[in-house]
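Take a look at the two-chain model below.

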Amino acid sequence: MRRETLTGSRIRERRLINGQKQADLARKAGISASYLNLIEHNRRRIGGKLLLDIAAALEVEPMSLSEGAEAALLGALREVAALNPSADCELAQVEEFAGRFPGWAGLIEALAQRQSSLEQTVVSLTDRMTHDPQLAEALHDMLGAVTAIRSTSSILVETDKLEPEWQDRFHRNINEDATRLTEGSQALVAYLNNETSDHQQVTTPQDEIEAFFQRHGYHFALLENGGSDKQAQDGIESMIASAGDLLVSASARAQVQRLLARYWSDAQAFGFDAMLDDVSIMGLEPASIAAKREVDIGLVMRRLSSVPGPILQPLMQDSPYDIAEAGLGLAVCDSSGTLTMRKPLPRFALPRFGAACPLWSLYQALSRPLIALRERSQLSGRDGAPFETLAFAAPVSIPQFGAVPLLESHMLMIPLSASGAAQSIEPPRPIGISCRICPRDDCAGRREPSILASGV
Amino acid sequence: MSKHVLLVEDEPNIIEAVSFLLSRDGWSVSTHSNGHDAADVIRAKQPDVLVLDVMLPGRSGFDILEDIRSEGVCRDVPVLMLTARGQTKDRERAERLGATRFMTKPFSNAEIIETLHELSGS
């Protein structure tokens, strides 16, 4: 079932929420109740003026009925199906399922997240010595001290006529090792206590961080208004403290602290009003803006991704872009390709489990540092949306002779309108989210089989 | 003539205790405490028995064992591997690479002396 057919389910859902009768809504929209009934059960397509009339009668934005807010949910459901191939889920009906039963679909996603979190805990607890280098190092050090104490004390007890200088030396060694053992065991207890409290969370730290940023719409007015470093620091601590329901783990709080400190630093270097001025004159051109303001391109990308969609959209009137409520998407990775900052969009999800698509320009930029990459991309799949992606990688470590610098790569995702995508001379480059939920079967970047049938 | 044992271990107090113990037991003891050049030192000293720790600074005991077993004069030297990790896979890896015996820390003095006598045939 195609996405547009789910518009009927959303109309029905909204009508029931409003407490409206089908006949009343039909009358307001100027159609018969029986026709509305067919629409609500996704048996008649709807668009154009009728959609506008029904949206007005329901007192909602037409886009909320015609566009799925459930793209991220669909992605998560497909990932869950990929992780459970024996369940033989009816992937062709995933959109219909999410549209008709959004509550059940959301519950499945939440349970999958919980399962993932618990599995991570099990893995880390069952093979801590292998997977936790800090724990392995601590235990190795403690067992070394124990071995030395055991061997030395045995010598002291079992050796007849041990020379005084040897006795002194061994007593001193035992004292050293006993001190080391005490300090090591105390540090280990503290470490395990912290780890245990972290592992008791239902969600992962990454989930907590994303929930926090989504609550704020990835925009922090408090950090946009200038002021002193002290005021900003106090503001950051206040925001984190008041988000105790989301930021449960120490790891997530520390990460959010770091990201907000960077947000503040970026805002100091490139203010909000200046950014809007530049965008209105130069458009979404991070390289040109960065040159004008003498700041990093990555910084400009981060700043642009923080602008709320409703503020950015009016500046893009004659552009090929279709900026919605969420604004621009952003992915930042380090030299290993690990995503360190994520702002997904409703139609450009970032993988929650596992690695992302290697075809993203984010990763191409890593092999071509200091070169600004711009390309038109089309996400794979039946509902694949067109995007323009801008990517740029630059060193983050201080250059040293003989040392390969560490890089950080940024990718800005800009949604294209249908007409904007059609303007492209070159066909858009197909990309995916991650291999397991990507239907392309002729992809050079594929790491593992997809669980989707071709053309899904 | 006393048998020569080379102890490759990075814990100074273990080195001191085991060296004392083996010297009193009649062994000629030499020691080395880092993994970087351990294989070269082993080949140069050509001990009758080698005691080799797994976790060493610079290079792991597994890598050193694989190195000396691959070529040179120490291909057949008896090797007692010491580790703080008693995991089965570590033991299997040590045996696969050619370790003669495998001992988990902490060990007793009697245990290490008895094992070295077995390995040297003395």
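## A helix across a sheet

This is a predicted model. Start in chain A with helix α17(A). This helix lies across four strands of chain A: β1 (329-334), β2, β4 (386-395) and β5 (407-415). Its direction runs at about 40 degrees to that of β5(A).

Now look at the sheet itself. It is open and has six strands, in the order β2-β1-β5-β4-β3-β6 in chain A. The pairing is mixed. Strands of a sheet pair through backbone hydrogen bonds, either parallel or antiparallel. Find the edges next. They are β2 (339-343) and β6 (429-431) of chain A. Each edge strand has a single partner, so one of its sides is left without a neighbour in the sheet. From one strand to the next, the twist averages 30 degrees.

Strand β3 of chain A, residues 373-379, pairs with β6(A) in the parallel sense, over three bridges. Here Leu379(A) stands opposite Ile431(A) in β6(A).

Go back along chain A to a pair of helices. They are α2 (residues 22-29) and α3 (residues 33-40) of chain A, and their axes come within 8 Å. The axes cross at roughly 105 degrees. An angle from 65 to 115 degrees counts as roughly perpendicular, so α2(A) is roughly perpendicular to α3(A). Which residues meet? From α2(A) come Gln22(A), Ala23(A), Leu25(A) and Ala26(A), and from α3(A) come Ala33(A), Leu36(A) and Asn37(A). The residues of this contact divide into five nonpolar, two polar and no charged.

How far can chain A be trusted? Its pLDDT averages 84, and 87% of the residues score at least 70. Confidence in chain A is highest in helix α17(A), residues 297-305, at a mean of 97. It is lowest in helix α9(A), residues 128-131, at 52. Over residues 1-5 of chain A the pLDDT is below 50, yet this stretch has twelve contacts in the model beyond near neighbours in sequence. Residues 196-202 of chain A are also below 50, with ten such contacts. Where pLDDT is low, the predicted coordinates should not be read in detail.

Turn to chain B. Its secondary structure comes to five helices and five strands. Along the sequence they follow the pattern β-α-β-α-β-α-β-α-β-α. The five strands form an open sheet in the order β2-β1-β3-β4-β5, and the pairing is parallel. At the edges stand β2 (28-32) and β5 (101-104) of chain B. Each has a single partner strand, so one side of each is left without a neighbour in the sheet. Neighbouring strands are turned by 20 degrees against each other on average, direction ignored.

Four bridges join β4(B), residues 79-83, to β5(B). Leu82(B) stands opposite Met103(B) in β5(B). Helix α3(B), residues 61-70, packs on this sheet. It touches β3 (49-53) and β4 of chain B, and its direction makes about 150 degrees with that of β3(B). Of the 122 residues of chain B, 39% count as buried.

Finally, see where the chains touch. How many residues does each chain give? Chain A gives 16 residues and chain B gives 17 residues. On the chain A side, α10 (133-158) and α11 (164-199) each supply at least two residues. The largest share, twelve residues, comes from α10(A). The residues on the chain A side divide into six nonpolar, seven polar and three charged.

Note on methods
Residues numbered from 1 in each chain as written. Chains lettered and ligands numbered in written order. Predicted model: local features only at pLDDT ≥ 70, side-chain atom pairs only at ≥ 80, totals over all residues. Contact = placed C-beta atoms within 7 Å. Nonpolar A, V, L, I, M, F, W, Y, C, P; charged D, E, K, R; others polar. Pairing = 2+ DSSP bridges. Axes fitted to C-alpha atoms, helices over the stretch in contact; angles between N-to-C directions. Buried ≥ 20, exposed ≤ 12 C-beta atoms within 10 Å, placed from the backbone. pLDDT = per-residue confidence, 0-100. Parallel < 35°, antiparallel > 145°, perpendicular 65-115°, else oblique.
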